[in-house]
Amino acid sequence: MKALRWHAARDLRLSDLPAPQPGPGEVLVQVAYCGICGSDLHEYADGPHSIPQQEPHPLSGCRAPLTLGHEFCGLVLAVGAGVERVQVGSRVAVEPEYRCGDCQYCRAGQYNLCQSMGFIGLMGDGGFAEQVRVPAYMLHPLPDSVSFKQAAVLEPAAVAFHALNQSRLLAGDSCVVFGLGPIGLLLILLARLRGVERIFAVDISPERRQLARDFGALEVLDGHAANLPQRLHELSGGGIDTAFEAAGSQQTLSLALHSLRKGGEVVLVGLMGEVSVDAFQLVNHELRLLGSVGYRNAYPPLIELLASGRLDLTRAVTRCVTLEQAVEHGFETLLRDKSQIKVLVNPNPSLAKA
Ligand SMILES: [Zn+2]
Ligand SMILES: [Zn+2]
């Protein structure tokens, strides 16, 4: 079977590998679609970042070279011993977080904080392949009414869904999203679904600002505009309730903090290293600064929203490509074309219609 393997930065190779066999508690999935994520782009452009180089990941046993891709769905081809959640022929979405099931966080149900936390497709062989071996606990059966194309966007939607759950944002509140990549756009879509109408969106790319408008932002602002925090104070009538930082930079974090009302909050979704914050303002305005990583218990409610027709995630899909086209028309295109949101790779064209 064919798989797109990460060997080094700018070195993805389409390889022919023996078909994987599911062990106990594992399932073999024939991949229908696998979305290209920002983290895949990072690994491609200047990785490794999360890919294990020396020590194999404790739960996957994998290290480089490995198959990227964690945003996938498909058809169950075979099940290993002891698997009862799904059967051969089941249509499934994959929630790609590894979990040990045994640490204090897993036992508390906070499996996205697992001590051995990792993602299939970054720390283990993932979905840019015709077939992939997946632990059965990652699988969610899909109702017939949910297409594979919808299901392929569940993973980034789950990131946005969890960030919203971490926040205190309620219908009637105001929010601002900094950084309008797929996660930022999905935050807008899902906040609208929760009845939030005063949604502001900030990005330096005009293409991305237009997309944010299409996704339901009330006002979009240029990230380079002067007096951005003051403008947000005016637009929201006194300051923003919840700011989502999905750009991952010192500058946007500072802007986010200064755009808040007293008692407001910033939810960090973007990845950044060490940054400085105005702790004086944080204390005096009783601000909350919190992080959100991955997701937990987000797939079932999202699948329900898709099945009911209230949510359409295919709006985020701007292109579908084959495994052979993935590097040139997927990774390379996403790096230079800001009008692209989600590019899906389709390793098995026969499943694309299902
Ligand atoms: Zn992702
Ligand atoms: Zn754990």
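Visitor: Which residues are the protein donors of the zinc ion (ligand 1)?
Guide: Keep in mind that this is a predicted model. The donors lie 2.2 to 2.5 Å from the zinc ion (ligand 1). They are Cys37 (SG), His70 (NE2), Glu71 (OE) and Glu155 (OE).

Visitor: How far apart in sequence are the parts that His70 and Glu155 tie together?
Guide: His70 sits in the loop between β4 (66-67) and β5 (71-79), while Glu155 belongs to helix α4 (residues 154-166). Both His70 and Glu155 are buried. The pair therefore links parts separated in sequence by 85 residues.

Visitor: Is the arrangement around the zinc ion (ligand 1) tetrahedral or irregular?
Guide: To count as tetrahedral, four donors need all their angles between 85 and 135 degrees. Here the four donor atoms subtend angles of 84 to 165°, so the arrangement is irregular.  That label, then, is the one to remember: irregular.

Visitor: And what is the site of the zinc ion (ligand 2) like?
Guide: Its protein donors are Cys100 (SG), Cys103 (SG), Cys106 (SG) and Cys114 (SG), at 2.3 to 2.4 Å from the ion. Along the chain, these donor residues are spaced C-x2-C-x2-C-x7-C. With angles of 103 to 117° among the four donor atoms, the site of the zinc ion (ligand 2) is tetrahedral.

Visitor: Is Cys103 buried or exposed?
Guide: Buried means under 20% relative accessible area. Cys103 has a relative accessible area of 9%, so Cys103 is buried.

Key: Residues numbered from 1 in each chain as written. Chains lettered and ligands numbered in written order. Predicted model: local features only at pLDDT ≥ 70, side-chain atom pairs only at ≥ 80, totals over all residues. Heavy atoms only, no water. Donors = N, O, S within 2.8 Å, 3.2 Å for Na, K, Ca; no water. Tetrahedral: all angles 85-135°; square planar, octahedral: opposite > 155°, others 65-115°. Buried < 20%, exposed > 50% of the residue type's maximum accessible area, 1.4 Å probe, protein only. Helix = DSSP H or I, 4+ residues; strand = E, 2+ residues; numbered from the N terminus.
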